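Okay, thanks for coming, everyone. I've got a few minutes, so let me put the sequence and the structure up.

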Amino acid sequence: MRQERARPARPDGPRQERGRPDRSDGPRQERGRPDRPRDNVVKSYPPRRPRGKGPTPTANPHPAHAAASEGKGEPQRIAKLLARAGVASRREIERMIEEGRVAKDGVVIDTPATLLTSLHGVTVDEVAIAAPEPTRLFLFHKPTGYLTTERDPVGRPTIYDRLPADLPRVMPIGRLDMNTEGLLLLTTDGGFKREMELPATGVPRTYRARAFGEVSQQQLEDLFDGLEIDGIRYGPIEANLERRTGRNQWIEMTLTEGKNREVRRVLEHMDLKVNRLIRTSYGPFHLGELPVGAVEEVREHELAYFRKMLRDAGKTAGKTADRNEVDGDGDA
């Protein structure tokens, strides 16, 4: 059942009431978007000012202190185990292995395909993987002008330049483009990160886009049937025209696949030019009134409840989810 919640003030003024025209192919399934009560946040981190020019120690560094799974099981690739332990993304771990920074029992590992049943005896940069810790989840209001990556070869600012220095080592769940703002989830658990990003789990992401051009509500309603652009098939998108300001349209869009730059590509296909894009929610977690650059942590019991629902959704979707590779969200 859908719960009512108060929305924050819109960037360009109050939101106008709108109706959705009935679809000819039957009623649409209602989307649940539960609220995140403010008392479910255990800690609030204030926005961090952008750093000035010159060398500055990286905020939120990359130590190998994250959780490691020590349970018995089938052998798995070390890159996968380290990613799920929260050490880094698989790609970053593969780079670490190529650089000779990962070892087991003192012997350097030279391939990410090395099979292990646990991370016992594994070190990263000569630091042993610590004992398991509970998964943690943070909500971050990403500002524009920052890349969703740990480092940039040409020195452009990244989200790690804005994150509070006292955060644990965190990884972004999905991505937001440099010029996209809004809710970005950060976690200490690589396995949870992957669960959230898999298309098969169907976690909805909602955006508000301001776009220049002309579009009708019926055109937006047609997106619920999916579409194909340049040979890429996009699944159902729930889209609604919120209001018009001159030739600018405010459009709310909810999707579940998160393909690369999906929102922008779909709107550009409709001859609209996106000039502002804000992610307002990811699953049951909402941006709300979180200030730009600020971070809030989700309570452990709320996260545990959501993870249970996520696992149930994954089972319903079938056992093929792990074969669907995605490189982050990249949908904005």
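I'll go over the chain as a whole, then a helix, then one valine.

Keep in mind that this is a predicted model. The protein chain has six helices and 18 strands. Of its 332 residues, 48% are buried. What about the contacts between residues at least 6 apart in sequence: what share of them join residues at least 24 apart? That comes to 74%. As for the surface, the chain exposes about 16,900 Å², and 50% of that is supplied by carbon and sulfur atoms.

Now the helix, α5, which runs over residues 262-269. Which of its residues are buried? Those are Glu262, Val263, Arg264, Val266 and Leu267. Covering the buried residues of α5 we have, among others, strands β11, β12, β13, β15 and β16. After α5 comes aspartate 271, and its phi is positive, near 65 degrees.

Last, valine 215. You'll find it in the loop between β11 and α4. Is valine 215 buried or exposed? Its relative accessible area is 3%, so valine 215 counts as buried, the cut-off being under 20%.

And what does it touch, leaving aside neighbours within four places in sequence? Valine 215 is in contact with Leu220, Leu241, Arg244, Gln249, Ile251, Met270 and Leu272. One distance for your notes: valine 215 and asparagine 248 sit 33 residues apart in sequence, and C-alpha to C-alpha they are 9.9 Å apart in space.

Terms used. Residues numbered from 1 in each chain as written. Predicted model: local features only at pLDDT ≥ 70, side-chain atom pairs only at ≥ 80, totals over all residues. Heavy atoms only, no water. Buried < 20%, exposed > 50% of the residue type's maximum accessible area, 1.4 Å probe, protein only. Helix = DSSP H or I, 4+ residues; strand = E, 2+ residues; numbered from the N terminus. Contact = heavy atoms within 4.5 Å. Areas by Shrake-Rupley, 256 points an atom, 1.4 Å probe, with all protein chains shown as cover.
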